[in-house]
Amino acid sequence: MMAGEYIPLLVAVPLAGAFFCALAARKSGAFADTLGTLTVALVLALSIYAVTSPASTHAVGGWQAPLGILLVMDGLASFMLLVVSLVAFLVMIYSLSYMNAYSGRWQFHTLFLLMLAGMNGVVITGDLFNLFVFLEVASLASYALVAFGTGKHELEAAFKYAVMGSLGSLLLLLGIAFLYGYTGTLNMAHMAEQLGVMGVAPITVTALVLLLGGFALKAAIVPFHSWLPDAHPSAPAPISAMLSGVLIKSLGVYTIARLVFNVYGASPGVLNLLMVLGAVSMGVGVILALRQWDMKRLLAYHSVSQVGYMILGFGLGSPLGILGGLFHLFNHSIFKSLLFLNSGALEQATGTRNLKEMGGLSGRMPTTSWTTLSASMSISGVPPFSGFWSKLIIVMACVEQGEWFYGAWAILVSILTLASFLKVTKFAFLGRLKKGFENVREVPWPMRFGMAVLALLCILGGLMLVPEVKEMVLAPAVRVLDHGILTLGEVVRL
Amino acid sequence: MAGNDGEAGMTLVVKTVTRLTVGLIFLYGVYIVLNGHLSPGGGFAGGVIIALSFMNLFLAFGGKRAFEIIKKDAVTALESVGAVLFLGIALLGFADGGFFNNFLPQGRLFSLISGGAIPLSNIAICIKVGAGLFGVFLALVSFRGSEREGK
Amino acid sequence: MMNAWLPYVLCILLFSVGVYAVLGKKNLIRIILGIVIAEYAVNLFLILLCWKKGGEAPILQPGAVEQVMVDPLPQALVLTSIVIGLATTAFLVAIAMRLHERYGTYDITRIRELRG
């Protein structure tokens, strides 16, 4: 029990950072930058410590589980924390020079840190209502960040996003109310036990549908995806990277996995539903992406499609499928945030997001060019880039389960993704240099550094499957989901 | 808003009624805050009521007059003061061995001065919530004005 | 028996009214009002959950005897959710005001520039 003393710091540190940014850094942008970067670095260090240390819990304020809020740090939580803080740290370094184009440094850092605190809170909490609160903190910060540019499109996208997001949150709250009324507890471990004892009833099914609807809205799974292609491209590039890279995963995909596997216990019906949702998301996302010429919009549609892969992996329900889903989650955070950062670099250098207006930029912007190429190859599943390995595992898991159709579908969608990204590479970087771009310069070093590290992670991502690394990062997370409703109870009784 | 942008305030009737009631509303808020540890209410509810009393003044007497008395920066500063006070009370808990621990004598049950540090936390929360809510109100009301200055 | 269910049914009806306003109305302010209505319906639902037959308000009074009390936890949850709702509403209103400044209208059909 004593080992978990550090867990609240994962929320408290970014929260305190946000507070001091708002309080003390209003006058000096440099001070806000320093404070923000240091805070995120500290969170990264804490999450690396969390990955290397064993599972533990922390009862907030000393109140034990049925009365108080329990924070649970198990394999899945530490895995998610690592993904979130790694991407956040690199995005933060990138934004040091990118955000020079905007005013209001301290607002950016305050909102960024608030969003980080919310995401960390969602991941580590073991209490359903507490999860809702942190989810709302992260969502509100992200609504404001989408509107950060305060242009026409930003405001419109933010309004749409905020309305859809609030509806999703209301569905969640209603679902939580149903579950609380039925089981009489909000602690997820106790709730799983109660649900196991009391069995399936109409009220639990209603609650599951409401909660899945709410989380699917946050994860932008297909019937609920319409806000994402507006909201993600409208934000400044580092924020798009955060939203597409980690926000939809920690608020949507992670919560769905936690709910379906650890609270309800995976039943065949729910898993089938997840597989169908995942497959539809994959197809619709990639088909809509094919006809986009706005680079960020294209990337946003690919987020819908790639989230489908993760959900399909979870839906298979086998350890291999879960491994594939989680590994793809990790890879997607890396390459999708990298792609959004690339689009930001292109936009800053050329002043446009339209692929038709670009061309021949590989000579002028070498770093952006090779990082985009590696991320594109990774998302399209070209060996030996990281995306290939996770997609391979998902397809193998499909075959293992005898789901031939889903396996073939995953390969087909991957080919369409490749076609879409060949378009990006061809129109942006290859061919003749367009007129007016002769003086285009490569972006400053903080942006190059952030992109280069992410690109290296894309290339070397396959090393996550080396047994030693896998045993440390991925395998504990897979075990958490695979053990189903027993997991949380095991950790709580440590 | 009486057809004149609300700058000059509402009619005489509204102004007079507001003048009579606003003090009572304010006092009621203070009562809720101070009795927060004994009965329903507390810093949050009381802070909202206190903020509402100021909003009443604002709406009745119009923005121009009110902005002469209430400065936006002062409200923001007050909000920060509330947050720091609350944090300070939580940190003083370390005198008793932990975050948010009680460091004052508990007093007799059901008397006004009891409950250790809880009434103090209520007051801090009241300042934070009241100033925060009023700050949101001010930001929405003065939106157009600040935009004009900004550009 | 029907009477016991009635509040819950009305609650869900209120929620549906809110959702209808969000999805069906064209005016930004009405959409915001729809969200507020739906939110209050959910809050009301939470409060209804903690009701017990013959339950008293969960307040400790001087010299009180033990009695049936309603569950105080959902009331605390509702307080939290009201605060979140306040923040969301304030944000939405601010965005709506800015949109009005840019477009000169609250009509969503004349604002829509972003398309699929």
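Trainee: Why is Lys391(A) called buried?

Mentor: The label needs 20 or more other C-beta atoms within 10 Å. Lys391(A) has 27, so it counts as buried. Lys391(A) is found in helix α15 (residues 386–400) of chain A. Leaving aside neighbours within four places in sequence, its contacts are Tyr309(A), His328(A), Gly381(A), Ala410(A) and Ser414(A).

Trainee: Is Ala220(A) buried or exposed, and how do you know?

Mentor: The cut-off for buried is 20 or more. Ala220(A) has 28 other C-beta atoms within 10 Å, so Ala220(A) is buried. Its place is the loop between α8 (202–219) and α9 (228–234) of chain A.

Trainee: What makes the phi of Ala220(A) worth a remark?

Mentor: Phi of Ala220(A) is near 60°, which is a positive value, and the residue is not a glycine.

Trainee: What is the peptide bond from Pro383(A) to Pro384(A) called, and on what value?

Mentor: That bond is cis, with omega near 5°. Pro384(A) sits in the loop between α14 (366–380) and α15 of chain A.

Trainee: Why is α2(B) described as largely enclosed by the rest of the structure?

Mentor: Because 14 of its 19 residues are buried.

Trainee: What makes β1 and β2 of chain A a pair?

Mentor: Pairing requires at least two bridges. Strand β1 (residues 56–59) and β2(A) have four, in the antiparallel sense, so they pair. His58(A) stands opposite Leu71(A) in β2(A). From strand β2 (residues 70–73), Leu70(A) and Val72(A) point one way and Leu71(A) and Met73(A) the other, and all are buried.

Trainee: How does chain C stand against the rule for a compact globule?

Mentor: A compact globule of 116 residues would have a radius of gyration near 13 Å, but chain C has 20 Å. Of its residues, 27% count as buried. Chain C has four helices and zero strands.

Trainee: Which elements make up the side of chain A that touches chain C?

Mentor: 26 residues of chain A are in contact with 25 residues of chain C. On chain A, the elements that give two or more residues are α5 (128–146) and α6 (152–183). The most come from α6(A), with 17 residues. By class, this side of chain A has 18 nonpolar, four polar and four charged residues.

Trainee: Where in chain B is confidence lowest, and where highest?

Mentor: The lowest mean is 47, in helix α6 (residues 143–150) of chain B, and the highest is 91, in helix α1 (residues 12–34) of chain B. Over residues 145–151 of chain B the pLDDT is below 50, and beyond near neighbours in sequence this stretch has one contact in the model. Where pLDDT is low, the predicted coordinates should not be read in detail. For chain B as a whole, the mean pLDDT is 79, and 88% of its residues reach 70 or more.

Notes:
Residues are numbered from 1 along each chain as its sequence is written. Chains are lettered from A and ligands numbered from 1 in the order in which they are written. This is a predicted model: local features need pLDDT of at least 70, side-chain atom pairs count only at pLDDT 80 or more; totals for chains, interfaces and linings use all residues. Two residues are in contact if their C-beta atoms, placed from the backbone, lie within 7 Å. Ala, Val, Leu, Ile, Met, Phe, Trp, Tyr, Cys and Pro count as nonpolar, Asp, Glu, Lys and Arg as charged, and the others, Gly among them, as polar. A residue is buried if 20 or more other C-beta atoms lie within 10 Å of its own, exposed if 12 or fewer, and partly exposed in between; C-beta atoms are placed from the backbone. The radius of gyration is taken over C-alpha atoms; the globule rule is 2.2 Å times the number of residues to the power 0.38. pLDDT is the predictor's confidence in each residue, from 0 to 100.
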